[in-house]
Every structure is written in C-alpha cells, then in structure tokens.
Amino acid sequence: MPQKPTACLALADGTVFHGHGFGAVGEVVAELVFNTAMTGYQEIMTDPSYASQIVTFTFPHIGNTGVTEQDDESADPVAAGIVVKWDPTEPSNWRASADLVDWMARRGRIGIGGIDTRRLTRAIRQQGAPHVVLAHDPQGDFDIAAMVAKARGWKGIVGLDLAKEVSCRQSYRWTEGMWSWPGSFGQPDGKAPLRVVAVDYGAKRNILRSLAQSGAEVTVLPATATAEEVLAHNPEGIFLSNGPGDPAATGEYAVPMIRELLDRDLPIFGICLGHQMLALALGADTVKMNHGHHGANHPVKDVETGKVEITSMNHGFAVDAQTLPEGVIETHVSLFDGSNCGLRVAGKPVFSVQYHPEASPGPQDSAHLFERFTEAMRSRRG
Ligand SMILES: NC(=O)CC[C@H](N)C(=O)O
C-alpha cells in the first residue's frame with residue numbers, strides 16, 4: 001500500500017506536487033527558488049536573505065550531515081521551507097549536534113521530500129520563481145484548491161521590505177540598540193582593530209566573522225539606523241550587509257541614509273543587498289530577475305583585470321548596469337548571463353559586489369575583498 005502523501009506543494013499556476021512531509025507541521029506561502037549548491041544546506045537555510053522563500057535543493061543528499069548549530073548563519077532558520085528529492089537520512093557526521101528533521105521541527109520549518117526536483121527546477125527556470133504554498137499534514141488532508149488560490153493571491157517579494165523583519169536577529173550581545181560581534185582578531189601589524197559599523201539588513205554571521213578576521217572590530221546596527229547613529233561610533237569604515245526582500249523597498253529608508261554616508265568619504269563595502277542599495281543610493285536602478293542566482297559555482301569576471309572567480313550567490317534582484325551613473329564603474333559581471341556583479345566609485349574607497357565573498361557555503365575565491373576593505377581603512381590611518 002503506497003504511503004499516503006503527507007506534504008503538498010501547490011504552485012500558483014495550479015501545478016501540484018505531493019510528497020513526504022518532514023519537520024514542522026503546518027502551511028506556508030512563499031516564493032520558490034532553487035539552489036544548486038552541493039553542500040551547505042544549513043548555512044543556506046539560516047541565511048536571512050531567504051526570508052519569504054522556499055528553497056528547492058537540486059542536490060539530492062540533503063540532511064546527510066545533520067546540523068551543527070555553531071554553523072548557523074543567523075539565530076534561526078529563515079528560509080520558509082525546503083523541497084528535496086530524497087528524504088533526509090540519519091546524519092553521518094561526528095560534528096552534528098542534531099538531525100535536520102528534528103532541527104526543522106523544533107525551529108518551525110516545513111520540508112517536503114520525494115519530489116522530482118529536476119522537473120521543478122526546469123519549471124522555475126522557464127516560468128520564473130513561482131509563488132507557492134507548502135503544507136505538511138501527517139493525516140495528508142490538503143485543500144488543494146485553497147492552497148492554489150492562496151499562492152495566487154500572495155503579493156510576493158517585489159515591493160516588500162523584509163530587511164527590517166530579520167535585522168539584528170543574531171542573538172549576540174545585544175545592548176542598547178546595537179551589538180558587537182564578539183571580539184576581533186586584531187590587526188596583522190598588531191595595531192588597534194579597525195572600527196567598522198555594519199548595517200545589518202539580514203547579515204550572515206560569516207560576513208561579520210570575515211570582517212573581524214581581516215582586522216576589524218565590528219559594531220552592528222539595525223537596518224533602520226540613521227547616518228547620525230552610524231557616525232556616532234566614529235567608524236573608519238562602513239559595511240552594508242546582505243538581506244532579503246526588494247532592495248527598492250528597503251531603500252526607501254536606507255538609500256537616504258547611505259547617501260549621507262557617501263558624503264563623508266569613508267570606505268564603504270557592500271555585499272548583495274548592500275551592493276544593490278549602494279547602487280540605488282548612487283542613482284542606479286535594480287530589477288527583479290526571472291529566477292535569480294542561487295548556488296555555489298557562479299563564475300564572475302573582474303572586467304578590469306579579466307580575472308574570473310567562482311562565487312557563491314543568492315539573489316533574485318540585480319543592479320541594472322545600464323543605469324549606473326557617470327563615475328560609478330561596473331567592476332564585475334556574471335559569466336552565466338552578463339548581469340552586474342560589482343561596482344566601485346571612481347576616486348572613492350567605495351565598492352560592492354552582488355555575490356558572497358564570505359562563501360558559507362561555497363568557494364572562497366573572493367575572500368580577498370575583505371582585505372581590500374580593511375586595506376582602504378588602514379591606508380587612511382597613514
Ligand atoms: N543575499 C542577498 O542579500 C539578497 C539581496 C536581495 N534580497 C535579492 O534577492 O536580490
């Protein structure tokens with residue numbers, strides 16, 4: 001007797017997938033993306049940039065190394081759910097502190113297994129990232145029509161400021177509206193750490209760790225911080241973090257703040273959402289992509305040096321390079337589709353990239369960008 005499906009994925013176009021439910025019981029509406037990374041499912045699920053998104057993993061072995069809480073990229077899993085080919089198995093990993101299914105159940109995240117993820121990924125690539133409803137019910141009772149209607153009725157991520165929802169959920173030493181990344185690794189030359197203020201739009205922990213490892217002492221402020229609050233910390237550099245949602249929506253309050261900081265001629269480094277908002281602050285536009293870039297093998301070319309690096313990516317919006325104003329130089333492009341992946345401001349220590357030099361998961365080809373940022377600060381110390 002075939003097992004009755006205990007999970008259901010309903011797309012807004014009426015396509016329905018049935019499978020095996022795991023993790024939390026319940027229902028969630030979100031945008032469905034796919035990620036092609038072969039490792040790092042825990043880092044992906046805890047990346048705050050995935051808020052209001054469900055991740056289809058194209059790699060079939062998800063859960064086989066359990067979870068190790070210290071590898072979380074934020075205090076909680078933020079991806080609304082996951083879609084996998086094979087149901088998670090018992091972890092085989094001496095570092096595992098829990099198995100994926102229990103971890104998801106405890107942290108309120110839904111999973112569906114037994115899905116033809118190749119077919120689903122092809123549909124996402126061809127028709128764009130769909131709005132979906134994912135439900136897990138041990139009794140297998142699903143109101144398909146209602147789920148499809150709910151997916152159809154969901155407004156989606158365009159126009160949605162999600163950064164505010166996830167900012168500063170890192171549960172580190174939170175005091176008085178700010179928190180500091182615990183400790184700094186000091187400077188290679190033994191000098192005092194570089195004072196960096198990171199504006200947290202949904203920052204991944206490994207970005208903050210990478211800043212500290214490159215010699216910064218990082219003070220983290222919420223997404224809604226004002227320029228005055230940032231400058232009150234007398235920063236030697238400013239970091240604009242990754243994060244979920246529509247950059248233009250978050251930019252409504254963040255762009256005026258970034259413009260004020262640009263006038264101070266301080267080193268500024270942005271990653272992903274930070275890159276997009278810096279571009280908006282400089283006068284460019286951002287656009288929604290068909291299905292985005294989510295994976296750990298994305299080739300990016302530095303158009304000034306010709307060097308190609310393999311990068312980790314997770315974004316559904318992009319900077320429209322045609323709208324970059326005079327004095328703002330496109331520095332990197334995707335070799336998959338030519339989309340913008342980096343910029344710098346002529347004559348200023350201001351630069352940003354669309355991809356993730358902190359990896360976590362993914363390749364570390366671009367880790368040197370953290371050094372480029374701290375070098376810009378060191379050189380101003382004289
Ligand atoms: N990882 C990110 O910072 C994502 C940026 C933005 N939310 C996008 O989807 O493009």
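Contact here means heavy atoms within 4.5 Å. The model is predicted: local features need pLDDT of at least 70, side-chain atom pairs count only at pLDDT 80 or more, and totals for chains, interfaces and linings use all residues. Residues are numbered from 1 along each chain as its sequence is written, and side-chain values use heavy atoms, with hydrogens and water left out.

**Exercise 1.** Determine where Asp-71 is placed and which residues it contacts, leaving aside neighbours within four places in sequence.

Solution. Step one: Asp-71 lies in the loop between S4 and strand S5 (81-83); helices (H or I, at least four residues) and strands (E, at least two) are DSSP runs, numbered from the N terminus. Step two: once neighbours within four places in sequence are set aside, Asp-71 is in contact with Gln-42, Glu-43 and Arg-95. Step three: Gln-42 and Asp-71 are 29 residues apart in sequence, and their C-alpha atoms are 7.4 Å apart in space.

**Exercise 2.** Describe how helices H8 and H9 cross and which residues make the contact.

Solution. Step one: the axes of H8 (residues 247-262) and H9 (residues 273-281) come within 8 Å and cross at roughly 65°. Axes are lines fitted to C-alpha atoms, for helices over the stretch in contact, and angles run from 0 to 180 degrees between N-to-C directions. Step two: H8 is therefore roughly perpendicular to H9, a term for angles of 65 to 115 degrees. Step three: on the H8 side the contact includes Pro-247, Ala-254 and Leu-262, and on the H9 side it includes Leu-273, Met-277 and Ala-281. Step four: the contact residues divide into 11 nonpolar, 3 polar and 1 charged. Ala, Val, Leu, Ile, Met, Phe, Trp, Tyr, Cys and Pro count as nonpolar, Asp, Glu, Lys and Arg as charged, and the others, Gly among them, as polar.

**Exercise 3.** Which residues does UniProt list under "active site" and "binding site", and where do they lie?

Solution. Step one: the unreviewed UniProt entry lists Cys-272, His-356 and Glu-358 for "active site"; such annotations may be inferred rather than shown by experiment. These residues are spread over 87 residues of sequence but cluster in space, with a largest C-alpha distance of 11.3 Å. Step two: Cys-272 is found in the loop between strand S13 (268-271) and H9. Step three: the UniProt entry's "binding site" covers Ser-49, Gly-243, Gly-245, Leu-273, Gln-276, Asn-314, Gly-316 and Phe-317. They span 269 residues in sequence, yet no two of their C-alpha atoms are more than 13.1 Å apart, so they gather at one spot. Step four: Gly-245 belongs to the loop between strand S12 (237-240) and H8.

**Exercise 4.** Identify the backbone features of Ser-52 and Pro-361.

Solution. Step one: most residues other than glycine have a negative phi, and most peptide bonds are trans. Step two: Ser-52, although not a glycine, has a positive phi of about 65°; its place is in the loop between helix H1 (41-45) and strand S4 (53-57). Step three: Ser-360 and Pro-361 are joined by a cis peptide bond, with omega about 0°. Pro-361 is in the loop between strand S18 (350-353) and helix H10 (368-381).

Methods:
Parallel < 35°, antiparallel > 145°, perpendicular 65-115°, else oblique.
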